[in-house]
Amino acid sequence: MPPRRWPFLALLAALALPAAPARAETACPDILLGDSLAVGMAPHARALGFTVIAQSGAGIAWLRQQEPRCARRLILVFGTNDLRGMTAAEAEAYPLRIAAVMEGWEAQQAIWATPGCFQDAALERGSAALDAALTRHLRRASDRLRDLPAIHSGRVARCVYPSHDGIHPTGLGYQAWWAGLSQWMERAAVAGLQPASMVR
């Protein structure tokens, strides 16, 4: 029987959120924000100086309750707990809901690592619907998503590391996922940032 697999790189969506020029760059930390997947990723993030704001079971209601703040770099690892039973219409609206919440966060650079590649059939259906919605958003102009200029359909190379429960990766999987996110932020760096410090 083949081993359970976990996404090494989930769907990445670049969030070019407004910068806050009046704030000193050093006053705005790097932030990892998210659900239980972010909890598992936290040791890797903290080792590079990231502030971690994460809670198992977090959904969009939890995200709305978080106080917006400034960030130099923001990694949002989020969406798993909203997937179950997600319809096509709900999936279509979900990126807009995320964008509406994140409008209050002042991040110089941000990416959204969306969930996917689950053994749980209901979660996998929701993930596929969300990926399809993100692909449609990529193909058309959307004023509401003007701060999401690059949405990458990422159901590629996400299932190469084992999972211990079909949802959460093992330690090796988290390490590889974090490395992939770090490399992506390097490639998508905005002017004035030096994200090379993420990969040491």
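User: In this predicted model, which residues of helix α5 are called buried, and what makes a residue count as buried?

Analyst: The buried residues of α5 are G173, Y174, A176, W177, W178, G180, L181, S182, W184 and M185; the model is a predicted one, and the term is applied because each of these residues falls under 20% relative accessible area.

User: Why is the pair C28 and C70 called a disulfide?

Analyst: The cut-off for the two cysteine sulfur atoms is 2.5 Å, and those of C28 and C70 are 2.3 Å apart, so the pair qualifies. By this rule the count comes to 1 disulfide. The link of C28 and C70 is left-handed, with -105° about the S-S bond. C28 and C70 are both buried.

User: How do you know that R72 is buried, and what does its side chain contact?

Analyst: R72, which is placed in strand β4, has a relative accessible area of 13%, and since the limit for buried is under 20%, the term applies. The side chain of R72 is joined to that of D30 by a polar contact of 3.4 Å, a distance that is within the 3.5 Å required.

User: Which residues of the largest nonpolar core touch the most other members, and which elements give two or more residues to this core?

Analyst: That core has 29 residues, of which L33, L63, L74, F78, I98 and M102 touch the most other members. Two or more residues come from each of β2, α2 (60–65), β4, α3, β5 (106–114) and α4 (121–139). For I98, once neighbours within four places in sequence are left aside, the residues in contact are I60, L63, L76, F78 and W112. There is also a second, separate core of 19 residues, which includes A38, F50, I75 and V77.

User: What do the buried residues of helix α1 pack against?

Analyst: In α1 (residues 36–47) the buried residues are S36, L37, A38, M41, A42 and A45, and they pack against β2, β3 (51–54), β4 and α5. At the start of α1, a side-chain oxygen of D35 comes to within 3.1 Å of the backbone nitrogen of L37, and just after the helix G49 takes a positive phi of about 85°.

User: How many helices and strands does the protein have, and in what order do its elements run?

Analyst: The protein has 5 helices and 6 strands, running β-β-α-β-α-β-α-β-α-β-α from the N terminus on. Of its 200 residues, 50% are buried.

Terms used. Residues numbered from 1 in each chain as written. Predicted model: local features only at pLDDT ≥ 70, side-chain atom pairs only at ≥ 80, totals over all residues. Heavy atoms only, no water. Buried < 20%, exposed > 50% of the residue type's maximum accessible area, 1.4 Å probe, protein only. Helix = DSSP H or I, 4+ residues; strand = E, 2+ residues; numbered from the N terminus. Polar contact = N/O pair within 3.5 Å; in protein donor to acceptor, adjacent residues only side chain to side chain. Core = buried A, V, L, I, M, F, W, Y, C linked by side-chain atoms within 4.5 Å. Contact = heavy atoms within 4.5 Å.
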